[in-house]
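Me: I'm new to this structure and would like to get to know it. Could you walk me through a few questions?

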Amino acid sequence: MTKFINCKVIIITFLIVIKLYIKPILAGLVLEVPEVAQSDFDDYVKKTNRIPVVLNYPTLFIFSTGAINDFRNVSTLLSHDEKCEFVTVESATPFDGNITSLEPVMTYVKDGQTKKYDGPINPGYIMSWLSNQRVCEMRVKDLSNFKALQKSLPSGHVQVMILFGEGQNDPEVVETVRSFISEKELAVPVLYVPDQALSDQIAKSLNQDQIKYPTVLVSRNTTLLPKTSFYTNDMRNKKELYEFLKEELIPPIHSTNSYMLPMFLVMKKTIIYIFTKEKELKKYLSESWINTVPRKHSEKLVFLHSKGSELVENKMNTILAIDSEYEEIVVRAFVINLDTLEFYKFKPLTIEDGTISEEGMNKFIDDLENGRLSHYVKSELPIPENIDKGPVKTIVGEDFHRRVIESKDDILVLFLSSWCGHCHKAKRLFRDMGRRLKGSNGPILATFDAYNNEVEDMEISQFPTIALFQSGNKTDPLFYNGPDTLEDISMFLESNCKHNKVSAENILQKHVSQETIFEYHTEL
């Protein structure tokens, strides 16, 4: 199996704004967060009685404004916390050409050790990190603080709050819940309400009158599950409590904005992606099926619904070759294995007339779990090689691995789409090049319609794309980014072909007759 992914990087040149202009903007963003000079930071750490939570941002903070704002929001939510405090530090890090040097870095300093945060910087992930690391107390101050915490919960995220009654405040209960979440590596913050008066106010605001304390309140900003749920059984029964937390914190079907999305790459489970044109999955599958069937198969499978994040949805549709304009509903299963760098897809569920049956979904799941579904790539019918004799070959998804990856030849492939205007110019250039190379021992030229065909482990999202698959190094193609001229592509081939070596001068000097637009061809 091939083990490469095409990553096109667009380099953007930024206009450097005068520092005197950007400082007022920065001051407005972090008004509630104290700022410590980089030179004074060590002294500050020695003197403070609380754990410093620090956001280091570069002087050139083009990529930091959102992070600073989210950091400020979290510091405001936890401004009353007696265990931690929030500060920002402007670091004069020079731009060395590496874009990561312009990204903010969040850390905390505890017992003389600095711990770095490696996750996405948004309030949900920051709060969960601080909770799981036991950095902050995570106490709810009052009803206004509770409402602010609810409002700040990002789309797709979940939070847990333990409400205590009079004289019940117990750190061990809080630790029991946090231990479960840490064990499962869930990005879920755990907060607590220490007194009954505030617990009653919170319950009343949620239209809950008869609450037995202590209780666990789960709040969700998701579409497929209720906004809140309560656990009111015995908190000392760990088995029952953990079953509740597992069911309430891990959704049966994830949205593309799910807080668990970063975990998908390390779960080592098969992912079933359900694309629907409409936002509500319940229009296609019953609520009963949504809440029960995916949970039954959660040991091997994870279910992902397309709605939630438009950015993630578009990316998934591109990777899985789903035409979102045309399709009503698509169900595709795939596996990502970071250990072996494998990415492969299974034959999709057959759906007729844009309707899906739960019986069909159940059979698809059963076939998937029992190994009855074959690996699959989208492909047109291959052209027999005894017919494909022209100067430029036509390769499709089904025969790409055999004709390109397994071949000992250097092969230059033009990835195109029928609707791409620039691709037609590239096709004419390829045919001219192919006619000049015909009869020589030069590289093989081929076209590949990447809109109607797929290649495993390779994503083509820009058209046209030209790639050279070198002999002996087929898993790491060279992508051509030069001018679309015969001269430049000839030089590219001369410099990079390993087996089918060719001279650019010979290619350019080769005489070929001009082809008319309407001509009878005896070959493709």
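Reply: Happy to! Please keep in mind that this is a predicted model. Let's begin with one residue and its surroundings.

Me: Is Glu85 buried or exposed?

Reply: Glu85 is found in strand β2, which covers residues 84-91. Its relative accessible area is 14%, and the cut-off for buried is under 20%. Glu85 therefore counts as buried.

Me: With which side chain does the side chain of Glu85 make a polar contact?

Reply: Leaving aside neighbours within four places in sequence, Glu85 is in contact with Tyr44, Thr48, Arg50, Ile51, Pro52 and Val53. One of these residues also makes a polar contact through its side chain, at 2.7 Å from that of Glu85. That partner is Tyr44.

Me: Which parts does the aromatic pair of Phe71 and Phe86 tie together?

Reply: The structure holds 16 aromatic pairs. Phe71 and Phe86 form one that is edge-to-face, with 5.6 Å centre to centre and 70 degrees between the planes. Phe71 lies in helix α3 (residues 65-77) and Phe86 in strand β2, so the pair joins parts that are 15 residues apart in sequence. The parts tied together are helix α3 and strand β2.

Me: Which strands stand at the edges of the open sheet?

Reply: Five strands form this sheet in the order β14-β16-β15-β17-β18, with mixed pairing. Two of them have a single partner strand each, so one side of each is left without a neighbour in the sheet. Those edge strands are β14 (393-394) and β18 (473-480).

Me: Which residue in β18 stands opposite Gln470?

Reply: Strand β17 (residues 465-470) and β18 run antiparallel, and four bridges join them. Gln470 belongs to the β17 stretch, and its counterpart in β18 is Asn473.

Notes: Residues are numbered from 1 along each chain as its sequence is written. This is a predicted model: local features need pLDDT of at least 70, side-chain atom pairs count only at pLDDT 80 or more; totals for chains, interfaces and linings use all residues. Side-chain values use heavy atoms; hydrogens and water are left out. Helices (H or I, at least four residues) and strands (E, at least two) are DSSP runs, numbered from the N terminus. Buried means under 20% relative accessible area, exposed over 50%, partly exposed in between (1.4 Å probe, protein chains only). A polar contact is a pair of N or O atoms within 3.5 Å; within protein, one must be able to donate a hydrogen and the other to accept it, and residues adjacent in sequence count only if both atoms are side-chain atoms. Contact means heavy atoms within 4.5 Å. Two strands pair if DSSP finds at least two bridges between them. Rings of Phe, Tyr and Trp (its six-membered ring) pair if their centres lie within 6.5 Å; planes under 30 degrees apart count as stacked, over 60 as edge-to-face and the rest as tilted.
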